[in-house]
Structures are given as structure tokens and as C-alpha cells.
Amino acid sequence: MPLVEHLRELRNRLAKGMLAITVVSVVVAFYSQALMSFLMHPVPRCTKGLGESTGGHCAVIAYTDLLSPFTTTVKVCFMAGVVISSPIWLYQLWAFVAPGLHKHERKYTYWFVSAAVPLFLAGAWLAYTILPISMRVLLGITPDGSANILPMDKVLDFIVRMILIFGGAFELPLMLVMLNFAGIVTGRRMGGWWRGVVMGVFVFGAVATPTTDPFGMIALAGPIVILYFIAVGVAMLNDKRRQRANPDAELDDDEASHLDLTPEPVGEVERVSAGSAGSEAAGGIDGRPSARYNGYDDVT
């Protein structure tokens, strides 16, 4: 299609995706209270008001200004709309890109998407599971006699950020597998990075998790390290499969491939008869007679 047609199709695809997000967000708005209660469940909340919220035992959730209840509800509904309608808008993006892919590229894309969704959900579930422990650790720093009054929007931002960090971090090994299937990096090279990768993952876990105890860091870094070694194993198996299909697949662009220089038999020599047609055969070169021996001229 011409460029204008591509742009028009992209506009239509994006419009359908945004319409799906809007419709789902409106429907979720009717269940916003239950959704916000679910997200706020990891916070140890004080049941008897500020008088009992001493030290780091519990916290009171509060709205800090007049518009906070409305803006927080809109934000939560929109976030839920994006997540729940993701199959629709992801399909619209896929339908726009798929015609430009080869058959084997589309097949690999199906595999990666089918693996990416469970990995992200596993990371999000792990984040939601350890959030109560993280909350208690953070609130435990509060000295006795002080009350923890947490703004609702700040708490929701913290919870959503933790879920996105854990879910996105679980996609890193899948990215390595994609690079291997694209032929950019080999499994042996990935395996050689294990010391730096393990160190980098634990540093990332310490920085990404706001808790001061090592539990949150280990909870994030441990599964990623395990998934990394699984990704290395998958990449090595793919390299072996590629090597069996094409022995030169692992060679660099400037590396010479192995050549078989064994000479092959020529076979029987074809004889040329002395009475062949043509002026050159009859009179030799330039009309001069040529001597022939066993059917060959003197030049041969």
C-alpha cells in the first residue's frame, strides 16, 4: 500500500484500541471500590483510627485534597482498562505489523507472546504476594508515638510500580531468547555472561525494591537468575538445532566457511571427429589445413 494508506490503517487500528480501553475503563468504574480495596489490601491498615496508629504497626489511608478521590479513581479505572483490554489493542498492533513478517517470523511471534503473558503475570503475582512484607518493613522504621498517614494516590503508585517492575523484570530472559532466535547472540556467549548477569540482577533487585531488608531483593533477583539459566539452556538447544540444519550458521560474516577441496573425477574425454562440420573443422584456422591426432587438432 502507499504510505498514506499505511498511515490511515495505523490511525484506524489505534482508534479501535483506544475505544476498547475507554469502554472497558467505563465498565470497570462501576466496580472501582472493589478494585481499589483489592489493590490496597497489602497495606496494614489501622482499624481504630489515628489513636492506634503508633509506630510501624499500621497506617491510615487518607486523601490529601478535594480532587484526590476522583483523580485516583479515574487513574485506577484507566489502568485496569489498559490491562483488561490488552488482548484487543495488542491484536490491533499485531494486525498492523503481521503483513510485513515472514511465515516463520509470525510463528516465533506467537511463541514469544504466549510465553510473555504468563511471565508478566507471574512477576505481578509475586510482587503482590510480597507487598505486605515490604509494607511492614517500610512502616516498621516509623518511631513509636508517630502516626503513619499515607496518601491514597502515593500508595497506589507504589503498588503499581512494584507490579510493573516485577512483571517487566520477568521478561528479561525472554528478551535474551529472542535475541538468540534472531541470530544476534549465541547460547555459549550468553552462558559466558553468567557472573556479570547474576551480579547485575541482584544490584537491580536491590535498587528496584524499596525495602531495606534483603527479602525483597532476593524475591526479585532469585527467579530472574533461574529464568536466565533456563534461557541459556533454550538458546544452546536452539544453536544445536541450527548447527545441524546449517553447519555454517554460527560463522561470522567475515569468517570463511569450510570448503571441500577434494578433486572430483573428470570422467571420460569426449572425442572430436575429424569430419565435423564447420569451416574451422574442415580447413583449420584461417583456411589452413590442420593436423589431427586421434580426433584432436594440434591446438588441443
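Figure 1. The model is predicted. Its accessible surface comes to about 19,800 Å². Carbon and sulfur atoms hold 66% of that surface. The secondary structure consists of eleven helices and four strands.

**Figure 2. Helix H7 packs against helix H10.** H7 covers residues 172-181, and H10 covers residues 214-245. Their axes lie 8 Å apart, at an angle of about 15°. Angles under 35 degrees count as roughly parallel, so H7 is roughly parallel to H10. The crossing of H7 past H10 is right-handed. H7 brings Pro173, Leu176, Val177, Asn180 and Phe181 to the contact. On the H10 side, find Ile224, Leu227, Tyr228, Ala231, Val234, Ala235, Asn238, Asp239 and Arg242. Sorted by class, the residues of this contact are ten nonpolar, two polar and two charged.

**Figure 3. Helices H3 and H4 cross.** H3 runs over residues 68-84, and H4 over residues 86-97. Their axes come within 5 Å of each other. The crossing angle is roughly 55°. H3 and H4 are therefore oblique to each other. Which residues of H3 and H4 meet? From H3 come Val82, Val83 and Ile84. From H4 come Ser86, Pro87 and Trp89. Five residues of this contact are nonpolar and one is polar. None is charged.

Figure 4. Alanine 221 sits in helix H10. Is alanine 221 buried or exposed? Its relative accessibility is 0%. Buried means under 20%, so alanine 221 counts as buried. Leave out residues up to four places away in sequence, and alanine 221 touches Val201 and Phe202.

**Figure 5. Alanine 221 and glycine 205 in sequence and in space.** Along the sequence, alanine 221 and glycine 205 are 16 residues apart. In space, how many Å lie between alanine 221 and glycine 205, C-alpha to C-alpha? The distance is 5.4 Å.

Methods:
Residues numbered from 1 in each chain as written. Predicted model: local features only at pLDDT ≥ 70, side-chain atom pairs only at ≥ 80, totals over all residues. Heavy atoms only, no water. Helix = DSSP H or I, 4+ residues; strand = E, 2+ residues; numbered from the N terminus. Areas by Shrake-Rupley, 256 points an atom, 1.4 Å probe, with all protein chains shown as cover. Axes fitted to C-alpha atoms, helices over the stretch in contact; angles between N-to-C directions. Parallel < 35°, antiparallel > 145°, perpendicular 65-115°, else oblique. Left-handed = near helix turned anticlockwise from the far one by under 90°. Contact = heavy atoms within 4.5 Å. Nonpolar A, V, L, I, M, F, W, Y, C, P; charged D, E, K, R; others polar. Buried < 20%, exposed > 50% of the residue type's maximum accessible area, 1.4 Å probe, protein only.
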